[in-house]
Amino acid sequence: MKKSLLMVGAFVFLNFTASRVFAQVTTKDTAQKTTTTTTTTTTTEGASDVVGALSSNADYSTALSAVKAAGLDSTLKTGGPYTIFAPNNVAFSNLPPAKLDSLMKDPAKLATILKGHVVTGKYGKADIIKALNAGKGKATLTTLDGQTLTLSVTADKKLQLANAAGNTAQVILYDLIGANGIVNGLNGVLAPVK
């Protein structure tokens, strides 16, 4: 009988210990999965505004500086919703250095170029896909300065934007989300290179 009680006691102790270990492992695995999911996401949620969303990604620091130099930050921080199709730093570095310098020193001209990258409305990846499906592979959006941006899919399945002057760029980043809009990243500046 002592052996039976001892065996039952040992069994209860092992069961209790195993349950606690299993619970710790499960909690640790869940935490690791949550962390992995959070770090692999490509969206930024909760930025105070679309300018904050733009500032959340270091690859778009030149675009942020340009928005501020042109005085558009105050406009884009209020109202909306807006979608900024922002050229990344590499796109700006592909402009001749003298061109970028002269634009940064001419806020009116810089604002005109930047307004050609901003549309009214929220156009994240899902919204763009819907618009392209509705337009049978093409969609048009109107920029802040009243120009037309044409969206289409290239032969290699990339989303391309073209402005009225024929300048093109491809979307390379989607859905940096701010409270009043979205930033999508471009690999080019929609402006003449001269």
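Reader: To start, how many helices and strands does the protein chain have?

Author: The secondary structure of this predicted model comes to eight helices and eight strands.

Reader: And what share of the residues counts as buried?

Author: Of the 194 residues in the protein chain, 37% count as buried.

Reader: What about contacts between residues at least 6 apart in sequence: what percentage join residues at least 24 apart?

Author: That percentage is 62% for the protein chain.

Reader: Let us turn to cavities. How many reach 30 Å³ or more?

Author: The count comes to two cavities of 30 Å³ or more. About 70 Å³ of space lies in the largest cavity, and the second largest cavity has a volume of about 40 Å³.

Reader: Which elements give two or more residues to the lining of the largest cavity?

Author: Those elements are helix H3 (61-69) and strand S2 (82-87). S2 gives the most to this lining, with four residues.

Reader: Which residues are in that lining, and how do they divide by class?

Author: The largest cavity is lined by Ala 63, Val 67, Leu 72, Leu 76, Ile 84, Phe 85, Ala 86, Pro 87, Leu 114, His 117 and Val 118. By class, 10 are nonpolar, one is polar and none is charged.

Reader: Staying with H3, which of its residues are buried?

Author: Thr 62, Ala 63, Leu 64, Ala 66 and Val 67 are buried in H3.

Reader: What do the buried residues of H3 pack against?

Author: They pack against helix H2 (50-55), H4, S2, helix H5 (89-93), H6 and H7. Just after H3, Gly 71 takes a positive phi of about 75°.

Reader: Now the second largest cavity. Which helices each supply at least two residues of its lining?

Author: Helix H6 (97-104) and helix H7 (107-115) each supply at least two. H7 gives the most, with three residues.

Reader: Moving to pockets, what is the volume of the largest one, and how many residues line it?

Author: The largest pocket has a volume of about 200 Å³. It is lined by 14 residues, of which Gly 116, Asp 145, Gln 147, Asn 163 and Leu 190 lie nearest its centre. Its lining has seven nonpolar, six polar and one charged residues.

Reader: Where is Asn 163 in the chain?

Author: Asn 163 lies in the loop between strand S6 (159-162) and strand S7 (168-178).

Reader: Is Asn 163 buried or exposed, and why?

Author: Asn 163 counts as buried because its relative accessibility is 18%, and the cut-off for buried is under 20%.

Reader: What does Asn 163 contact, leaving aside neighbours within four places in sequence?

Author: Asn 163 is in contact with Thr 148, Leu 149 and Leu 190. Leu 190 is also one of the residues nearest the centre of the largest pocket.

Reader: A question on the backbone: where is there a cis peptide bond?

Author: A cis peptide bond joins Gly 80 and Pro 81, with omega about 10°. Pro 81 lies in the loop between helix H4 (73-76) and S2.

Reader: Which residues other than glycine have a positive phi?

Author: Among them are Lys 136, with phi near 55°, and Lys 157, with phi near 65°. Lys 136 is found in the loop between helix H8 (125-134) and strand S4 (138-142). Lys 157 is in the loop between strand S5 (148-153) and S6.

Reader: Are Lys 136 and Lys 157 buried or exposed?

Author: Lys 136 is exposed, with a relative accessible area of 78%. Lys 157 is exposed too, at 70%.

Reader: Finally, the aromatic rings. How many aromatic pairs does the search find?

Author: The search of the whole structure finds zero aromatic pairs.

Reader: What lies over the face of Tyr 174?

Author: Lys 125 lies over that face, at 5.1 Å from the ring centre.

Terms used. Residues numbered from 1 in each chain as written. Predicted model: local features only at pLDDT ≥ 70, side-chain atom pairs only at ≥ 80, totals over all residues. Heavy atoms only, no water. 1 Å grid on protein atoms, 1.4 Å probe; cavity = no way out; pocket = protein on both sides within 12 Å on 5 of 7 lines; lining within 4 Å. Points joined across faces, edges and corners; volume = space filled by probe spheres on them. Nonpolar A, V, L, I, M, F, W, Y, C, P; charged D, E, K, R; others polar. Phe/Tyr/Trp six-rings, centres within 6.5 Å; stacked < 30°, edge-to-face > 60°. Lys NZ or Arg CZ within 6 Å of the ring centre and 35° of its normal. Buried < 20%, exposed > 50% of the residue type's maximum accessible area, 1.4 Å probe, protein only. Contact = heavy atoms within 4.5 Å.
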